[in-house]
Amino acid sequence: MSTLFVISTQPLSGKTALCASLGSRFLSEGLKVGYLKPVATQVRPLNGWSVDGDVLFMRDVLDLAQTWDVLSPVVLTDQQRQAVMEGKADSHLERLRAALAVAERGRDVLLLEGAGAPWVGSMVGASAKSVAGMSGARVILASRYDGPGTADQVLGIAEAFSSSLLGVVINMIPGEAQGFAKESLSPYLSAR
């Protein structure tokens, strides 16, 4: 079984779209695909659960039957973060480990979707780096184009995730920046 972890340096960078595209492709190839969002922060109530909109979408795209506690085991609202700081929270890592075990069972590929930034979840031991290590995942960075500064973001992730970084997808490149991205940014990053 292969585990791919799609992360980003900031929210709205295309992680969910990338997970949906990869998952759909793998399904079309006859692979059994699982999905899990280890740490969710943007949730809404649904049938007694706090559910992330990305998780709800991916559950439909991949036709998953797992329960919400498997698809999104660690939910960090402001109230839950406060409970963690006050020492009143339960073991988030135990829930995450249990969810990973269920989500990968019988699957060829398990897609993990990161939170808005790699450090989200650090307060409960579930940063992107920790989750990648715990799951043995290969990491794909979805980076929103930010001019030449995109290089710093990508190289920072490459340094932090070293051998587990599989690749980078740079999204939302404006038309006028396409030439720079192809002729300067991409070769620069590829060389490093």
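**A close look at one helix and its partner**

Analyst: Q153 is a residue of helix α7. The model that places it there is predicted, and the account below therefore describes a computed structure.

The surroundings of Q153 come first. Its side chain makes a polar contact of 3.4 Å with the side chain of D146. When neighbours within four places in sequence are set aside, the residues in contact with Q153 are T9, Q10, S143, R144 and D146.

Two packed helices are described by the angle between their axes and the distance between the axes. Helix α7 spans residues 150-161, and the helix it packs against, α8, spans residues 178-191. Their axes lie 11 Å apart, at an angle of about 20°. Because angles under 35 degrees count as roughly parallel, α7 is roughly parallel to α8. The crossing of these two helices is right-handed.

Which residues of α7 and α8 meet? From α7 come T150, A151, V154 and L155, while α8 supplies L185, Y188 and L189. Sorted by class, the residues in this contact are six nonpolar and one polar, with no charged residues.

Helix α1, residues 15-28, and helix α2, residues 53-61, have axes that come within 10 Å and cross at roughly 15°. These two helices are therefore also roughly parallel to each other, and α1 passes α2 in a right-handed crossing. On the α1 side the contact is made by T16, C19, A20, S24 and L27, and on the α2 side by D54, F57, M58 and V61. By class, the contact of α1 with α2 has six nonpolar residues, two polar residues and one charged residue.

The protein chain contains eight helices and nine strands. Its radius of gyration is 17 Å, close to the 16 Å that the globule rule gives for 192 residues, so the chain is as compact as a globular protein of that length. Along the principal axes, the C-alpha atoms of the chain fill a box of roughly 50 × 45 × 30 Å.

Notes:
Residues are numbered from 1 along each chain as its sequence is written. This is a predicted model: local features need pLDDT of at least 70, side-chain atom pairs count only at pLDDT 80 or more; totals for chains, interfaces and linings use all residues. Side-chain values use heavy atoms; hydrogens and water are left out. Axes are lines fitted to C-alpha atoms, for helices over the stretch in contact, and angles run from 0 to 180 degrees between N-to-C directions. Helices (H or I, at least four residues) and strands (E, at least two) are DSSP runs, numbered from the N terminus. Angles under 35 degrees count as roughly parallel, over 145 as roughly antiparallel, 65 to 115 as roughly perpendicular and the rest as oblique. A crossing is left-handed if the near helix is turned anticlockwise from the far one by less than a right angle, and right-handed if clockwise. Contact means heavy atoms within 4.5 Å. Ala, Val, Leu, Ile, Met, Phe, Trp, Tyr, Cys and Pro count as nonpolar, Asp, Glu, Lys and Arg as charged, and the others, Gly among them, as polar. A polar contact is a pair of N or O atoms within 3.5 Å; within protein, one must be able to donate a hydrogen and the other to accept it, and residues adjacent in sequence count only if both atoms are side-chain atoms. The radius of gyration is taken over C-alpha atoms; the globule rule is 2.2 Å times the number of residues to the power 0.38.
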